[in-house]
Amino acid sequence: MDINYKNNRRYNTDKPPRKVGKFINFIIYALCRIILLRKDYTIEKIDMENVKAPYIYLSNHMYFIDFEINAIANYPYSINNIATIDGYYRRPFLMDLAGCICKRKFTTDMSLFGAIKKVLHEYKAVLGMYPEARYTPIGTTAKLPDSLGLMIKRAGADVVIGIHHGNYLHTPFWNYRKKRKVPLYLRMKRVLTKEQIENMSVSEINEIIKKEMYYNEYEYQKNNNIHITEPFRAEGLHKVLYQCPHCMTESKMNSRGSKLFCEHCGKSWELTTLGELVADNGVTEFSSPPEWFEWERSQVRKQIEEGTYHFEDEVDIYSLPRTMRFMHLGKGKLTHTTEGFSVTGHYRGKDYEITRDSKTMYGLHIEYDYCYVRHEDCVDISTLNDSLYCYPTKQNVVTKLSFATEEIYDILVNERRKRKKNR
């Protein structure tokens, strides 16, 4: 049951990307340099002396500033970035002019490979990809799709990886409004040549990509002795560290200033200037935020394996079928089980249900304090021709939904591999 829109047109994500001319490319480069004039950033290039476009450029993703640094780092070559539909919001002409390739989050779009071939083989340009497909929630590598290796194998081009450091520490996803004084650093490295790829399997390519895409911002902060002294440095951290390891209560964590605390049992932790957590009283369960984060993931995995995981809530729904405005669809219901997602509601006199099977979603697009609709947390359930931004009634639950999506997919993939092996 589709949504009963008055206008059934959708933004055409299948249209081929534009070739970025030299003049437009220079304008993009110059604007990025101007934007970054007051930023302390360094770009290091490794094994890039003989690298020329076309090539695939894979980058980790921390905040919008990634795009600007990447544009400078890859100049004089133009980049055709794969971008999401909300990136086109109110500026589709500019995104098209910049050669972007519009796609919806965590969908399997068969037209993407045609766009990739056009960029690499017809335009002889750089294909910009952010394979994590979201801002990092905790400053570590997110799960990468297994399809990445197959795409690289078929693309027939060198692979360059750009790993940003400091961007997350400067602008964490969970509190992007309050910037910190942190230097930015990009390490740009060719990791695979076209010739190497020809003689490698898809799984071998994936292993190299996963190894080269590794990063941990808290390790980087400690190793480089970066002290974040801003008094608000922990504000918002409860959005990702939502479960208390002391009393095990979910969604009752909160933060203020440099403190993270549980509103249920009262236990609190200090986030030090070096990014470590220290309990104010008693045992420090996790001194590293990523360790706490991964412990939460294990708790969700346990619920899934025990058959107790289930999410259901009333949500306020906004959709983005085109690019100029979000449509308010009113109240609905969001359900998530091991089978997948279901969004049901009623709009313009008709019921609708949008579903996504767990086998088709290796990740979930979540937003904290979403800037385009209203400043609250939400999840995005996308299909090939629509995106539904769902605002739960329950507080501080979107990170758990993201964990559950990834872990359910991982379990399904492992089960499929076992069946293949036993045939």
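Me: Where is Pro-54 found?

Reply: Pro-54 is found in the loop between strand 1 (41-46) and strand 2 (55-59). Keep in mind as we go that this model is predicted.

Me: What is the peptide bond from Ala-53 to Pro-54, cis or trans?

Reply: Here is the general idea: most peptide bonds are trans, and most residues other than glycine have a negative phi. In this structure, the bond running from Ala-53 to Pro-54 is cis, and its omega is near 15°.

Me: Which residues does the cis peptide bond with omega of about 20° join?

Reply: That one links Tyr-75 to Pro-76. You can find Pro-76 in the loop that lies between helix 2 (65-74) and strand 3 (79-84).

Me: Now for phi. What is the phi of Arg-90, positive or negative?

Reply: Most residues other than glycine have a negative phi. Arg-90 is not a glycine, yet its phi is positive, at about 65°. Look for Arg-90 in the loop between strand 3 and helix 3 (92-97).

Me: Does Arg-90 count as buried or exposed, and why?

Reply: Arg-90 counts as exposed because its relative accessibility is 58%, and the cut-off for exposed is over 50%.

Me: What is the phi of Ala-133, and is Ala-133 buried or exposed?

Reply: Ala-133, which is not a glycine either, has a positive phi of about 65°. Its place is in the loop between strand 5 (126-129) and helix 5 (147-155). With a relative accessible area of 18%, Ala-133 is buried.

Me: Let's turn to rings. How many aromatic pairs does a search of the whole structure find?

Reply: The search finds 27 aromatic pairs. To read one, you use two values: the distance of the ring centres and the angle of the planes. Take Phe-293 and Phe-403: their ring centres are 4.7 Å apart and their planes stand at 55°, so this pair is tilted.

Me: Which helices do Phe-293 and Phe-403 lie in?

Reply: Phe-293 belongs to helix 10 (residues 289-306) and Phe-403 to helix 11 (residues 398-421), so the pair ties together parts that are 110 residues apart in sequence. Both Phe-293 and Phe-403 are buried.

Me: How far apart are the ring centres of Phe-326 and Tyr-370?

Reply: Those centres are 6.4 Å apart, and with the planes at 85° the pair is edge-to-face. Phe-326 lies in the loop between strand 12 (311-319) and strand 13 (327-337), while Tyr-370 lies in the loop between strand 16 (365-367) and strand 17 (378-382), so parts 44 residues apart in sequence are tied together. Phe-326 counts as buried at 11% relative accessibility, and Tyr-370 counts as buried at 1%.

Me: Which residues do ring pairs link into a cluster?

Reply: The cluster holds Tyr-63, Tyr-135, Phe-173, Tyr-176 and Tyr-368.

Me: Which ring does the charged end of Lys-394 sit over?

Reply: It sits over the ring of Phe-311, 5.2 Å from the centre. There is also Arg-374, which lies over the face of Tyr-391 at 4.4 Å from the ring centre.

Me: Last topic, strands. How many bridges join strand 8 to strand 9?

Reply: Strand 8 (residues 253-256) and strand 9 (residues 259-262) run antiparallel and are joined by 4 bridges. Across the pairing, Asn-254 stands opposite Phe-261 in strand 9. The two strands form a hairpin with 2 residues between them. In its turn, Gly-257 has a positive phi of about 60°.

Technical notes
Residues numbered from 1 in each chain as written. Predicted model: local features only at pLDDT ≥ 70, side-chain atom pairs only at ≥ 80, totals over all residues. Heavy atoms only, no water. Buried < 20%, exposed > 50% of the residue type's maximum accessible area, 1.4 Å probe, protein only. Phe/Tyr/Trp six-rings, centres within 6.5 Å; stacked < 30°, edge-to-face > 60°. Lys NZ or Arg CZ within 6 Å of the ring centre and 35° of its normal. Pairing = 2+ DSSP bridges.
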